[in-house]
Amino acid sequence: MPGPLSSRHRNAFVTGASTGLGRAFVEMLLADGVRVWGTSRDKGRLASLVSVHGERFVPVAMDLRDAPAALASFAEADRASGGIDLLVNNAGFGAFGGFADVDFAVWRDQLNVMLVATAELAHAALRTMVPRGGGAIVNVSSLAAEFPLPYQAAYNIAKAGLSALSESLMLETEGTGVAIIDLRPGDFRTDFGTSVTHAPGGRTDRQKRAWEAFARMMRQGPPPREAAEALRRALLRGRGGTVRCGRFFQARVAPFLARLGTLALKRRVQARYFDVS
């Protein structure tokens, strides 16, 4: 049955829709009556969504490593739908290792996928939404934009870049009817930790402790549906802004304390948090 969101958004395009937060976003939108085009590198991983939701969910095989093909897929969805009015830039992946220890090609690949190609999708969407006088773009950043994860440098760069892109577009789209949402999740209980690419070779004790702390936080995080509900509330407000979500300490207390303290203090607390002090 149609829900409140379907009165604002008819057609959504969600990248990285097969698992984790992306899957939760898709299911939330479908439950509210929004038709969804969802992407995955392996289209077969979207089959269960098709079997449950039929034509209301359209699977799209898309790899952001091939930016021209990704843009063509978005353009085709925009044409077939009569207008995509909600883009959720969610796709991404993790890579773990010392910045200098890993071949830079690994970091370049992550930045191209998670920042450059994602920004290109936002660019394409904005070019269709502004002339139509409405729509929303959600860039799924991370609290890592504010509190970088040790030994995941390119992930931190990409997420901080997405947040900066969102801030830029909020200024540029004022008065256009297009809402820009910078969604910054903390640690959620998804399979993201198991899908992280690890640098070849052994890890130092410091790296092992950092990874164990990260994996533990992922296991103890809230379920993805809570991030989807936070996004739903933001979309219903009909305006852009920054939305932090996750455990209370991560999403509320830590950003508040960081604003009160110094950068040096924030770095010391983060080092203790990840057991690398």
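Because the model is predicted, local features need pLDDT of at least 70 and side-chain atom pairs count only at pLDDT 80 or more, while totals for chains, interfaces and linings use all residues. Residues are numbered from 1 along each chain as its sequence is written, and side-chain values use heavy atoms, with hydrogens and water left out.

On the surface, Phe249, Phe256, Leu257, Leu260 and Tyr273 form a nonpolar patch with about 510 Å² of accessible area together. Patches consist of residues with over 30% relative accessible area and no salt bridge, in which like charges are joined within 9 Å and nonpolar side chains (Val, Leu, Ile, Met, Phe, Trp, Tyr) within 5 Å; a salt bridge is a side-chain nitrogen of Lys or Arg within 4 Å of a carboxyl oxygen of Asp or Glu. Accessible areas come from the Shrake-Rupley method with a 1.4 Å probe, and for residues only the protein chains shown count as cover. The most is given to this patch by helix 9 (residues 248-260), with four residues, where helices (H or I, at least four residues) are DSSP runs numbered from the N terminus. Phe249 has its place in helix 9 and, with a relative accessible area of 42%, is partly exposed, a term for values between buried (under 20%) and exposed (over 50%). Phe248, also in helix 9, is exposed, with a relative accessible area of 62%, and its C-alpha atom is separated by 9.6 Å from that of Gly186, 62 residues apart along the chain.

Helix 1 (residues 20-31) and helix 8 (residues 224-237) pack at an angle of about 50 degrees, with their axes 8 Å apart; axes are lines fitted to C-alpha atoms, for helices over the stretch in contact, and angles run from 0 to 180 degrees between N-to-C directions. Helix 1 and helix 8 are therefore oblique to each other, since angles under 35 degrees count as roughly parallel, over 145 as roughly antiparallel, 65 to 115 as roughly perpendicular and the rest as oblique.

In the loop between helix 7 (205-219) and helix 8 is Pro223, which counts as buried at 12% relative accessibility. The C-alpha atoms of Pro223 and Thr190 are separated by 7.4 Å, although these residues are 33 residues apart along the chain. Ser277, in the segment after helix 10 (263-273), counts as exposed at 64% relative accessibility, and Ser277 and Arg206, 71 residues apart in sequence, are 8.8 Å apart in space, C-alpha to C-alpha.

Note on methods
Helices (H or I, at least four residues) and strands (E, at least two) are DSSP runs, numbered from the N terminus. Buried means under 20% relative accessible area, exposed over 50%, partly exposed in between (1.4 Å probe, protein chains only).
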